[in-house]
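Dear colleague,

Please find below the structure that I am handing over to you. The findings follow after it, and I would be grateful if you would read them alongside the coordinates.

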Amino acid sequence: LTNRDRSPSPAGDPTRHLPLRPVEINVLLSLCDGPRHGYGIMQDALERTGEDVIPDVGTLYRALRRMVEAGLIEPSEGGGERRNEYRITPLGRGVAEAESRRLEKLVWAARNSGLLGQEG
Amino acid sequence: MSDRMLALLLRLYPRHFRVRYAPEMEEVFRMQLEARRARGGPAVAALRLRTALGMITGAAAEWRGVAGHGVPGGGGPGGVQVGGGGGLFGLLEGVATDVRLALRGLVRQPVFAVAAIGTLGLGIGGVTTMWSVVHGVLLKPLPYPDADRLVRVFVDNTGFVQPPASLTFTPSQESLRHSPPQHLHYLALLEQSHTVEDAATLRLGFRGAEMDSGSSLRLNVGSVSWNLLSLLGAEPALGRDFLPHENEPGRDPVVILSHDFWHSVFGGDPAALGRTLHLNGDDNSSRERGSYVVVGVAPADFRFLFDRWGQGANRVGQYGPPPPPVDLWIPTEMFPRAGGQFAVSVIAKLREGYSPIQAEAEIGAILAPMEMQVQPGGPREGATGRDLATVVPLYDTLFDPVRGRLNLSLAATALVLLLASINVANLLLSRAPARRPEFATRAALGAGRVRLIRQLATEALVLSCLAAALGALLAGWGVQAIVALGPPEIPRLSEVRADIAVLAVCGGLALLCTILVGLVPALRGSLSAHAGHRGPAGAGGRSFLQGSSRGALIAGQLAVALVLTASAGLLVRSVSRLAVLDLGVRTEGVVATRLMLPADDPNVPREQQHTQWARFAYDLIERLEADPAVAAAALAINAPPLLEGARSAASDSVLGSLAYNAVTEKYFDVLGMDLLRGRGFSSSDDWSATHVRIVSENYVARVYPTQESLGKVERARMVVGVVRDHMSAEYSGEQAAVRYVRAAAETRTPQLYVPLAQHRSAGSGSPGNPGLSGGGEVWALMRTAGHVRMGTSTELYSRIRAAVAAVDPRAVVYDIQTLDAAVDRVLAVPRFHALLASLFGFLAAAIAAAGVFGVLAFLVSQRTHEIGVRMALGAEARDVVSLVVRQVAAVAVVGLALGVLGALAAGRLLESWLFEIEPTDPVSLAGAAALLLTAAVVAAWLPVRRAASIDPAKTLKGD
């Protein structure tokens, strides 16, 4: 029983939601380009990261539930009865940016420590 | 359509989550499955496994979230409290510890773990697979409203002296009882019956269609009464259903498209309504050629589950793969008078409260006076009204032939599961004494009995869960394998999916078994906690297997295994007999194709048509033979042996029925049928020459038992040759059909051949012409030159199509196949049985051997001390080994003797599946017994041998 299962806070400060889980950042990245339904998000994640790391349908929807509650994304109309689409909120976009910056720093640090080899 | 596994797993989730997300999740999962399906079974199984695991862990987390929020409706902000302890979490933590302990225990004893999980997993997987198949095929209701009231109505012809002349083989009583009714019967039934609420007719056939592009298509057509779709609860997806008057003769021809046909030909365009289709006439319905107006499109999911009687008259009593899906539905013209009648399938819906038996009596009475008008044979003396109708629930017509077979397979898998359970029980029992010290120690250290029981229960749970997971994986593959390999005769097989509920039940049963058995050491262990725990129990017993239930369990295992392996032996031997059955023709290298001929122009005189037809035939043969791959080619107007298709028969007062065919000269060469006496046909046997016939051996034996047949003149034809018999009709592998093959092999129908150019049209002396009635069919047969590899002969097939197109572009080529493939297809069913049975038999033998090995390995490991003492006292290693092996062999013989009784009983159940093999076949029994005895002895020998080879000084010091 770890600390992993906390919902992102709905408060205005994006950094309060960090760090995101892989499934969450994947969802946000997918929705940056426009609204998508669940399968679209999954396809997108597949193209981005490959088969073995994409979430299963249970993990995905639990993440969607959390993120809707935290105000990072919201359901949007359209897509038919069974296909709800999700769209990113301004807060969600902020969180995605913040998380990306955090990851960037992390990668930078990794590089500095020689983990990824030096770059010119 | 929601996936059953996902639907079940979704139930684990909080309600508010399910309500909000379940439909979407089902949709996403369905799309994932679809994407994966293209990549084959393992990919799908992997996705399922991953999703199942994710869903289960997710459900736990989701509930924890709910507990943390305290607001089941969700929406509460803030991070979730975790690790909050509480009674539930404390317990969970305890369980987690137990699970860890259990897993560690399993890892420490890999032989035990693999044996227990492997055998149990195989059992669970097997039963889940077969049960899923049985459920999907047999237990699901038919996809029609009030399906339990739907029946098929047949005419019972057993009361007639003469069987219908249209049959090419002597019909069985069963097929006579299920003769197809005619429109007259249907109309009378509709008008007069009180037990029947509504009824519809159906007849399958095919029609040629000339498309706007100028090409021709061969379409499968269902000629139906106007109400068939509505009777089966289908509403057109587009346009309208047929109207009542559209069955009356002379109405404007209309057509309803199947959903698939609408999509493939009209691209799913709603503008297809009102378009016309130009159909050739055919001899399967009285409709002439003409333009049919599209009035509707059938719904996508509408299909008629065709049974073995599905095609009406020419298929009575024959078993075979289901007919291809229907492209078009057209209303049949129904003439309210005798003559010009066609046999149809009648589907009726009984009024509520009436049984098929009541309906049979009533309909029999309605049909009785009519039967006498239409049946030339006349009623048998003393025939009662009840004899004249047979009413069978629609479900039974579909599933009777496969029910027994599937249930037997299910029983076989249940035996495998039983075997697996015995095995695990045996393994656990063997382990029990060894664990007694462990439990005694733990009890002494203060662990309560509840705690110990909980640990053992957890161990059982972990074992069962791992086995169930393995079983799930195996069931996923197993179901896919059965769907892929299964014979097409089994209705709805392609819709079968692995059934997760069954998996849960099997897992539960296994769990129960392991818990019960697992608790034995806990109870004993804790009861005797304070008794001395040094020294393994049972040491000093006189025999390895005496004084315990282990001997009985080993014997029981071998008995069950023998039933399965001996049954497998019977089926395998039966298939091998079927495969070498002399068919009377040489199938290798023969390619056959059906040709649908263009309708004749009715304005051309008959004689001239015949000339045109003969020219077509001989041009075609010439072109086919010009192909370097074709050694010889022939044409025939009826289906050649082994292939399904129209046959015509002549009835004869002496012979009953006989098979008739009109063929070109090389027909016998192509099929490898030996000419025994006289001459074959030659190109000079044309219409103007003396008319001749060639007859078969059997014909001669029956008609001219004592005289010379050559030179005899029959019906203005002279017998000029005698050929070998061949199996008269196609044979298929359904349960009853094995019986039928047996009959066909024994009683070969007399055969009669005439030259193609001398074929007379039925009932007249004028030249016959397959194209005459329009849409006629002929068969082209080719023997290929040796170097053509069959099975990969698509190039040859396209050259054949090109040759036909060059002779007449309007002729349609279809059903190109090799005779070998036809034989293979037929053998596929019994082969599939035998494969399945062999799999079960092998599994059973392996599980039994693993059981003996596991138990002996354990006992021996506990008694290395005793073995050491014996050897220190001067016993040779060989003596010790042979002592143990002898004891095991004695137990095995007892078990196998019991198994023989079981196998004999099983053999009787299998009897109708066996061809030329007695159910008491000693070879199968002895072979299976020898196999199992060997397996048991080897399984016992291996561990004992190892123990005996250890230096006794070492074992004694170790003590």
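**Chain A: helices on a sheet**

In this predicted model, helix α1 (residues 22–32) of chain A lies across β1, β2 and β3 of chain A and runs at about 90° to β3(A). Helix α3 (residues 57–69) of chain A also packs on the sheet, where it touches β2 and β3 of chain A, and its direction makes about 105° with that of β2(A). Helices (H or I, at least four residues) and strands (E, at least two) are DSSP runs numbered from the N terminus. Contact means heavy atoms within 4.5 Å. Axes are lines fitted to C-alpha atoms, for helices over the stretch in contact, and angles run from 0 to 180 degrees between N-to-C directions.

The sheet itself is open, has 3 strands in the order β1-β3-β2 (chain A), and is paired in the antiparallel sense; two strands pair if DSSP finds at least two bridges between them. Its edge strands are β1 (36–37) and β2 (73–76) of chain A, each of which pairs on one side only. Between β2(A) and strand β3 (residues 85–88) of chain A there are 4 bridges, and the two run antiparallel. Within β3(A), Glu85(A) is the residue opposite Ser76(A).

**Conventions**

Residues are numbered from 1 along each chain as its sequence is written, while chains are lettered from A and ligands numbered from 1 in the order in which they are written. Local features need pLDDT of at least 70, side-chain atom pairs count only at pLDDT 80 or more, and totals for chains, interfaces and linings use all residues, with side-chain values using heavy atoms and leaving out hydrogens and water.

**Chain B: overview and strands**

Chain B holds 24 helices and 21 strands. Of its 959 residues, 54% count as buried, that is, under 20% relative accessible area, with exposed over 50% and partly exposed in between (1.4 Å probe, protein chains only). Among contacts in chain B between residues at least 6 apart in sequence, 80% join residues at least 24 apart.

Strand β8 (residues 328–331) of chain B sends Leu328(B) and Ile330(B) one way and Trp329(B) and Pro331(B) the other, and all are buried. It is joined in parallel to strand β3 (residues 216–224) of chain B by 4 bridges. Val221(B) has Leu328(B) as its bridge partner, and Ser223(B) has Ile330(B). Strand β5 (residues 254–257) of chain B runs antiparallel to β8(B), with 2 bridges, and Leu257(B) stands opposite Leu328(B). Strand β2 (residues 196–210) of chain B pairs with β3(B) in the antiparallel sense over 9 bridges, with Gly208(B) opposite Arg218(B).

Gly296(B) belongs to strand β7 (residues 290–297) of chain B. Gly296(B) counts as buried because its relative accessibility is 0%. Leaving aside neighbours within four places in sequence, its contacts include Leu238(B), Val255(B), Leu257(B) and Leu273(B). Asp241(B) is 55 residues from Gly296(B) in sequence, yet their C-alpha atoms are 6.4 Å apart.

**Chain B: a helix pair**

The axes of helix α22 (residues 877–910) and helix α23 (residues 922–948) of chain B come within 9 Å and cross at roughly 155°. The pair is therefore roughly antiparallel (angles under 35 degrees count as roughly parallel, over 145 as roughly antiparallel, 65 to 115 as roughly perpendicular and the rest as oblique). The residues of the contact of α22(B) with α23(B) divide into 23 nonpolar, no polar and 1 charged; Ala, Val, Leu, Ile, Met, Phe, Trp, Tyr, Cys and Pro count as nonpolar, Asp, Glu, Lys and Arg as charged, and the others, Gly among them, as polar.

Yours sincerely
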